[in-house]
Structures are given as C-alpha cells and as structure tokens.
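Reader: Could you take me through one part of this model in close-up? I'd like the helix packing and the ring pairs around it.

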Amino acid sequence: MKMTFRWYGKGFDSVTLEQIRQIPGVKGVITTVYDSVPGEAWTQERVHSIREDVEAHGLEISGIESVNIHDDIKTGSPRRDEYIENYIKTLEVLGKEDIHMVCYNFMPVFDWTRSDLAKVRPDGSTVLAYDQSVIDQINPEEMFSSLDKKSNGFVLPGWEPERMARIKELFDAYKNVDEETLFNNLVYFLKAIMPVCDKYGIDMAIHPDDPAWPVFNLPRIITGKEKIVRMLKAVDNPHNGITLCTGSLGSNPDNDLCDIIRACKGRIHFAHLRNLWHEKPGKFQEAAHLSADGTFDMYAITKTLYETGFDGCIRPDHGRAIWGEVAMPGYGLYDRALGCAYLNGLWEAVSKEYPR
C-alpha cells in the first residue's frame, strides 16, 4: 500500500508540496494538469515540468486524477473518435513519464453533486453535505452559482466556470442518452484505449458516481456492485479497474462496501477512503475519517482491502474544514493529514495482526 495525497498543482491548491512532504507516511501525490480542457491532448513538456517539481520535494507522482473525458465520448457523438485519439496521446505522455494510474469518471454533466459545501457540524467544523430534498428544488442551470458562493474562491473540479456556462447545451446533448447508451459508450472508450494501457502498463481506475443514484434525471452507471462487475467483465483486461471510493459508493447505504471490495479483487487500482454520516436515505454529510465519527467501519474496510491483496495507492478523501483553514471545500490540509495518520494506523494494525 502506498499512502498518497491529492494535490491540484501550484497556483490551484492552497496546500503546498512542502506541507505534503511533512505528513508522515505520504510518499506521493495524485495530481493533474488542472487547467487543461477536456478533450485536449496533454504535452509531455507540461507533465514533465510538474513531475520535476514534485520530485524536487522528495515525492513522486503516484497517479493522475483526472484526465477528464470529453462529453462527446460520453454521448457517443460523431466526434468521439477524435477525442479518444487525444486521450490516447495523453496516456502515451503519462506512460513515457513513468506514470501508471489514472482515476477518471464517466458521469454526465456533473462530476459530483452536493447541496452544501460548508455545513456546520456541532464541533464547529464544516463539511460537504447532500440533501435530496434540497437538490429537488434546485434548477440545475442555477446550481453552479449556488455552489460557487461557498467555494472559497477556488475553481471546483468538475464545476469549471467555462463548463457550467454551457450547462443547457450539455443537458441537451444528454437528452437521448439513457443508462444503457452511456454504458455502451464507456465500453467503446475502454476498448479503444486498452492497447496503449497494455503498452505502458497504465491502470485505468474509474471513479464511482457521486452520489450513487441518478441526479437531475441524468443516467448513472457506476453505482454499486452489480454495475461495477458488469463493467469489469465487459472489458476484461487487468488494466480496466476501479477507484474504490467509500464515500461515493457509501452514499447509498444499501451498498455493502466490503462485499464490493471482495467482488472487485485484483481490479481495485486506487482507493479513496473517507467516512460519511447518514441521517436518512438521500441525506448525508461527510465526516472525519474516524469510524466513530460516521457510519462506516473503516477498520473493516481497510482489513478487507488488505485481505484481498490490495497493494495500490490510497489517499484520504474529503476532509472537514477545521482550525480556521481556508481551502478548496473538502481539500484542506489539516483534516486530510489527520486522515492520513489514521489510515496509516489502521493499515499498520491490520498488517501486523494478519501478516501476509
């Protein structure tokens, strides 16, 4: 297991590489070319520059999150092959730069959805929260402005202003895309990129839909065990795998997280570990990583990952905003650093109790 930390890059993140380097047990960062546009091919010069900066701070690029997928690929438009070719060019760049894991998603329009970016908890911290009854009252075309007010001035991943300016156009593009069409377009994409993944040893780790059900009547296809296993079987290549995101999958309390881990044994290439507190179906808020602070048994999740032979990258996922820190919602330094320490402790306990 390798403990990592998400870093959006210099100029985009309030957290610095100097700070990340000081978190015990963290060996690498999960990063991206944050100002890239979905569909464009990344240049080797840009990726190499980021890699040099990361390595100069005693860290490594352990993976990329994300190489965003153009909507023409998701909708299956006539231009999808053009954008898939650009995606392949980017994967070739990553392979040449010795980067071998890519976390991505296949969600229509919105990469993730929350009704509140700064819900105040009893301890005074703030967290991301979701309430379906609130979402049902929101016009999706106005959602960006409501979230932007609590973004602390940061550009939120998946909610870039230029993308949200086209939101009506995007909804129109998906009006004839149902769940089966979206799934078939994902399979088409994966089959097209597997040869370059084979050549460079790049693991594609699809991120589950967040939350794990349709939002604004948009289809969702990576929401639970049955759909994930179907996707893995449809493109039965070891480089086609998943990101185990406990928060996204766990947004639906019917999902058995440990059962999903066992069902995906050998195909989990990346893990986002975090906790949620469920108030009722369709209403949850994020929590500290500690099991006692939320709904999930984080020890059981860690133990199941260990027992199934997981040896990939883990990162703490969304953290609380604590101690007055001003950062991108969910991505401050302090609570995620606490999460690293906690998750490292769980892994050490499991590995000592059940030595391989």
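Reader: To start, is Y87 buried or exposed?

Author: Y87 is buried, as its relative accessible area is 4% (buried means under 20%, exposed over 50%, partly exposed in between, with a 1.4 Å probe and protein chains only). Quick caveats: this is a predicted model, where local features need pLDDT of at least 70, side-chain atom pairs count only at pLDDT 80 or more, and totals for chains, interfaces and linings use all residues. Residues are numbered from 1 along each chain as its sequence is written, and side-chain values use heavy atoms, with hydrogens and water left out.

The ring centres of Y87 and F189 sit 5.0 Å apart with planes at 90°, so the pair is edge-to-face (rings of Phe, Tyr and Trp, the last by its six-membered ring, pair if their centres lie within 6.5 Å; planes under 30 degrees apart are stacked, over 60 edge-to-face, the rest tilted). Y87 belongs to helix α4 (residues 80-96) and F189 to helix α9, 102 residues apart (helices are DSSP runs of H or I, at least four residues, numbered from the N terminus).

Helix α9 (residues 179-200) also packs against helix α10 (residues 225-234), at about 40° with axes 10 Å apart (axes are lines fitted to C-alpha atoms over the stretch in contact, and angles run from 0 to 180 degrees between N-to-C directions). On the α9 side the contact includes F183, L186 and L190, and on the α10 side K227, R230, M231 and A234 (contact means heavy atoms within 4.5 Å).

Definitions and conventions. Helices (H or I, at least four residues) and strands (E, at least two) are DSSP runs, numbered from the N terminus.
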